[in-house]
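Hi,

Here's the structure I promised to pass on. Have a look at it first, and then read my notes below.

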Amino acid sequence: MRFYILTLVMVFIGADAIQAGTIVGTVRAEGKAEAEKDALCGKYDSRQFKFVERINYAELRDFLVFIEGQVGKVVPPEKPAQVKTERIVQKGATFVPHILPIVVGSKIEWPNNDDILHNVFSYSETRQFDLGLYRGNGTPIQFDKAGRVDVFCSIHSRMSCVVMVLENPFFSMTNDKGKFVIENVPAGTYKFKAWHERLPSKSQEIVVPEKGEVKADFVLGITGLPAQ
Amino acid sequence: MEKLRRQIEVSFSTKVIVPVVATMVLLLAVTVSIVNSRITRQFQAEATRNLAHAEESVRKSREIHTRSQLLRFRSVPDEPKYRALFAEGGANHAPTIKVSLDEMRTNREVDVVLFTSVDDLKTARASSASDRKLSVKDFQAVCTPVVVEAFEKGEGWDTVLVDKRLFDVVSVPVKGSSQELLGALTLGVEVGHGNAEDMKKATSCEIILLANGRVIASTAGPPELHNEFARIFSSYMEPGTEKVQTHKLVLGGEHFFCSAGRFVSLKSEGNIGYLLLSSYEQPLRALRITQQILLGVSGLAILLGTAVVWFLVRKVTAPLRALSASAEAVGQGDFTQRVNVKSRDECGELAAVFNQMTENLKRSREQLESTVETLRTTQAQLVQSEKLSGIGEFVAGVAHELNNPLTSVMGFSELLARADTEPQHKRHLDLIYKSAQRCQKIVQSLLSFARRHQPERKLSSINELVESAVDFLSYQLRTSNIEVVTKLDRYLPKAMVDPHQLQQVFLNIVNNARQAMEANQQQKGVIRVTTETFGRNVRVIIVDNGPGIAEKNLSKVFDPFFTTKEVGKGTGLGLSLCYGIVHEHGGHISVRSKLGQGATFTIELPLADEDEDDQQPSNGADKDGKPKSGNRLKRLEGAGRKILVIDDEEAILEMVRETLSQQGYQVDVARDGESALRRAALNRYDLALCDWKMPGLNGEQIYERLRKANPALSERLIFITGDVINEKVQEFLRDQKKVCLSKPFSIVEFRAAVGNALAGNRK
């Protein structure tokens, strides 16, 4: 599906501008070793860290990398047919996928494949909606504004997902090994950002060559904690 | 006696020990029972209190538990997800609400969750149970009252029994978006072992939860006891036992106090409640240990007390026993017994008094005995003297009458003898005269026996008196074929006696012996006469080997007119006269004899001592040395003078004594210095003659000693010496102005020196 989208984007950009490069890299999360260690034992095995949610940084996935801001000319969709339609399925009282990046103007369908009723709603600024209790296909929602949308089920508090509404199509989710490839990026200097639902984002300036690759590696983590 | 004494002793100890031990045992029993009842009551009260507290805390904890559950669950329907669920009619979709209720059950950690619609109370719209065995239907059925309560009061709680399981249930109403009542959520938490444990912690009592006769949960005992618990519980739950009583209970060997309580249930059916068991095993054990300690200590104390009492009793009775033994001995006449009790108490006093008493008794008895003895002797003497005195009166008369004819006989016979008669007649006359003289003497004897005669006393040689008596009888003795053996002490001191009377005594005794032996002669008669000094006495012993005296007669021989001779032969006066004379002299006469073995007469006469000599010089010579009138020794210059001669040579002693005796001196001899000094100390001597050179003390030493002990005699000391006198002796003699006779000296010389010395002294 992702590759399909990418291919579409590449085709689209390729038609517009011939000179394009590729961004490759990795994203991984890293905890502060010292802090982690202290949190587990020793003098920090105390109330201060008692209720801190332990994050296994090595196992974190679902990193999103994207170019901030607009890239080139944004063409508003003229026809509904051109509107990209994505889908987040409710199955086993879970939203799948958990993170879904979309380009502004895309639609998302919310089919409930469970036997029980679910509710889909969001109070996010970017897009607010409440689908009520239902089973079956439900109502699709269009996202016209860039930003983050947190989506929940009202009767199942553990169910949640995040929709990232982005301004350009040059984004990618990392694979299982944390690698990503974004092809056909028009040459230029961009602010390139790595995001994760639970970690502070990091961005770096990248220069995408006219031809070839640019490498961008990210290590996300909580930094700048007050020194103990 | 011994047995009786022992019985008394035993009974005394028993008297003391038995009451003491009995008292102590009684005290112990009382103490133990008091302690027992007090402590038992105390810990019963404590246990009752504990149980009451426990019940209170069970009730309180139940209440708190219920309240907290209400608090926990009251807000459940207000949670957004449930609110959303119910508001949007999710409750009507079974799978959805089932999932939600499951989630709720898991999140809220309850055992059962039940949603009851307001439309249909009988059947749950949805339910979730942790246990498949739990029948939700049954649960629904028993929960109906609480659901109704929730509808009516806004909340409800209850304790319900479902399928033999106990649940605390809380029911809260569920409302829709416009506050319309949709139904009720009922959450049930099973009451089980955990709760029982919690309650046990809170109450520190064992707790058993029961419902309908079944044990739901128990903290006490194995499952085998559950039926027992159920039985006890049901006995509590019987109608009429409103007031919960405390009961004693023994389970598995452990002692408990027990009480029961009832849980509040909206459904009146079914007895749901609890049993509380408060163990008093520990205080019981403590009590037992206390009792054991008490018993042990008291037992020891009793033993110790008994021992102490026994010891004390022994100690107290020991002096009594000693007293008893002594009293017994004293009772049997042993006055030497003394009680040896040294304690300073009443017993000591008693012992001292007893000893004093014994002493007094002993003394009294001795006095009594001596008095009796004296009395007996005196009586005997009195009897004897009475006899003698009676006879004396008689004899005196007879003698006096005889004196006159005798005077005639003597006078005429003498006249006829002086007349011119034939020699043959002259010899006959002389015989008559002598016989008459003898008669006169007999008469004199009789008179002396009758105390008509004033006895004279003079220093007389007992030996001479004995010899003269034997001489007097020598003719008769010879004709009777009797030998007289004399063994006379040559140095026998003279005694102050009446020589006539004593001669009479010896004559009588010897003559008696002679007559006895003559009458009954089987062997040659021997009479042994012995004189000796015996202490301050002169002793004369006359022994014959005649027929002896019959024992029955021994005590009578000195009686007047007692005789064994034929009638006319003896007067029976002889020995009784002897007795009188000897006693007159302060002496003593006694007889020992056995029939057939001769007889022994012993006469003891006191020696003349110095005092007597001083007091009674008139018997011998007066102070001027002039002999009394009628004394034949008138012409002798030495009469009444005593001279001590000290020499180691027998011949010299004999010669000196002979010489001086002829002059009338009384001579004592000493063979050495020590005996001389002894004699000088005992007797008064007018003169001393001393050999200069002797074994032992010499003349000078004797003189020095004598000068200290007897200065008077030392001045009248004449030394005799056989040696040549050296210068030193001469000087000594000159200084002391002493005369020294040199051997050999003539008798004339000697007599002159003695006379000079005595004469010089007088001046």
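**What I found**

Let's start with a helix in chain B: the cover over the buried residues of α2(B) includes α3 (94-108), β4 (165-175) and β5 (181-191) of chain B, along with β8 of chain A. Keep in mind as you click around that this is a predicted model.

Which residues of α2(B) are the buried ones? The helix spans residues 80-87 of chain B, and the buried ones are B:Tyr82, B:Ala84, B:Leu85 and B:Phe86. After α2(B) comes B:Gly89, with a positive phi near 75 degrees.

Now for β8 of chain A, which is part of that cover.

Two packed helices are described by the angle between their axes and the distance between the axes. For α12(B) (residues 499-519) and α14(B) (residues 574-584), the angle is about 145 degrees and the axes are 9 Å apart. Their crossing is left-handed.

Who meets whom there? On the α12(B) side, the residues include B:Leu502, B:Val505 and B:Ile509, and on the α14(B) side they include B:Leu577, B:Cys578 and B:Ile581. By class, this contact has 8 nonpolar and 5 polar residues, and no charged ones.

Cheers

Technical notes
Residues are numbered from 1 along each chain as its sequence is written. Chains are lettered from A and ligands numbered from 1 in the order in which they are written. This is a predicted model: local features need pLDDT of at least 70, side-chain atom pairs count only at pLDDT 80 or more; totals for chains, interfaces and linings use all residues. A residue is buried if 20 or more other C-beta atoms lie within 10 Å of its own, exposed if 12 or fewer, and partly exposed in between; C-beta atoms are placed from the backbone. Helices (H or I, at least four residues) and strands (E, at least two) are DSSP runs, numbered from the N terminus. Two residues are in contact if their C-beta atoms, placed from the backbone, lie within 7 Å. Axes are lines fitted to C-alpha atoms, for helices over the stretch in contact, and angles run from 0 to 180 degrees between N-to-C directions. A crossing is left-handed if the near helix is turned anticlockwise from the far one by less than a right angle, and right-handed if clockwise. Ala, Val, Leu, Ile, Met, Phe, Trp, Tyr, Cys and Pro count as nonpolar, Asp, Glu, Lys and Arg as charged, and the others, Gly among them, as polar.
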